[in-house]
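My entries follow in the order in which I made them.

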Amino acid sequence: MSTFIDFGTAKKLKDMQAKNRITELFNIQYPIIQGGMVWHSGWRLASAVSNAGGLGLIGAGSMYPDVLREHIQKCKAATDRPFGVNIPMFYPDMEDIINIILEEGVKVVFTSAGNPKLYTEMFQKEGLKVAHVVSSTKFALKCEEAGVDAVVAEGFEAGGHNGRDETTTMVLIPTVKKHITKPLIAAGGIALGSQMKAAMVLGADGVQIGSRFAATEEASAHDAWKQKMISLGEGDTLLTLKELAPVRLVKNKFFNDVEAVYQNGRDAELLKKTLGRARAKLGMFEGNLDEGELEIGQVSALIDEILPVKQVFDKILEEFRAATLDFNLD
């Protein structure tokens, strides 16, 4: 039996209530989670997504501890609905970050880029719900063993840091579904309601959306970068830097500089030197579209306008309701 939600045509969109394992786990209206994207996911975006009925996430990966505390406090003031914090586990100030999350009473944490066993039990003992982001069935099973509350399986289409195996979302979701019992959230290549429904038919209980929310008025990215996002087409992004940490980037001057290093061999040290420091901030937050690192998913080819979060939600829900296949094999 598929797990997609039939919202029905009789109810108005604003009155829809959907109950499944994800909405009940996080106490949200719709099974839509906003990705905790570095340099995009501040309190304005997170609170807007939560107010629209999803789960907003503050992206701690681009914040010093004191900045994270400020964003959490402002998010609490802007919404009375659940929201969470996304923590890349390679973050250098993990102890400070964890203390702030606990002190500020955050109820949901999404972890990534590390071993889910490190903090899951500790967070759960403090009453938090924990989800972990993976790119393969192998790591999804480790999440199951670690006892996380939900697993985010992110396909190769996704923007930013990615898996080395290059497994697409359409393959990853049903494969992971076969092997785990925890609630499953699909990520990577999802911006439309029809894509959300497809992911849920494949076995996901909900979706995590990044690129579509990056291209919103509330996202904290630079306006020049937002305009660049909506100009991208098929093939304008590529996964690279596998020797360091695989990441999907826009093909700009910085990307071409990386490719030039590859032409002379796969020298990890030279790649590190070319990467330098703060490239992501330079590109996505400060708006240097030539020298900066620009992270966005393949689905950017389907995004052609900057919208308020509420309009994005309305479009996704309407598309989800309308996405039916009128075809009979008999």
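Predicted model: local features only at pLDDT ≥ 70, side-chain atom pairs only at ≥ 80, totals over all residues.

Residues are numbered from 1 along each chain as its sequence is written, and side-chain values use heavy atoms, without hydrogens and water.

The axes of α6 (residues 137-146) and α7 (residues 169-179) come within 9 Å and cross at roughly 40°; these axes are lines fitted to C-alpha atoms over the stretch in contact, with angles from 0 to 180 degrees between N-to-C directions. Helices here are DSSP runs (H or I, at least four residues), as are strands (E, at least two), numbered from the N terminus. I looked up the contacts (heavy atoms within 4.5 Å) and found that Thr137, Ala140 and Leu141 in α6 meet Leu172, Thr175, Val176 and His179 in α7. The residues of this contact divide into four nonpolar, three polar and no charged.

**Nonpolar cores**

Next I looked for nonpolar cores, meaning sets of buried Ala, Val, Leu, Ile, Met, Phe, Trp, Tyr and Cys residues joined through side-chain atoms within 4.5 Å. Buried means under 20% relative accessible area, exposed over 50% and partly exposed in between (1.4 Å probe, protein chains only). The largest core has 51 residues, of which Ile32, Phe213 and Phe313 touch the most other members. Helix α14 (residues 309-322) gives the most to this core, with six residues. Apart from it lies another core, of 22 residues, including Phe83 and Met94.

**Phe83**

I then followed Phe83, which is in strand β3 (residues 83-88) and is buried, with a relative accessible area of 10%. Leu57 is 26 residues away along the chain, yet its C-alpha atom and that of Phe83 are separated by 5.9 Å. Leaving out residues up to four places away in sequence, Phe83 touches, among others, Leu55, Ile58, Ile72 and Val106.

**Positive phi**

Last, I noted that Ala113, in the loop between β4 (108-112) and α5 (120-125), has a positive phi near 60° although it is not a glycine. Ala113 is partly exposed, at 45% relative accessibility. Glu166 also has a positive phi near 60°; Glu166 is in the loop between β7 (160-161) and α7 and is partly exposed, at 36%.

Notes: Nonpolar A, V, L, I, M, F, W, Y, C, P; charged D, E, K, R; others polar.
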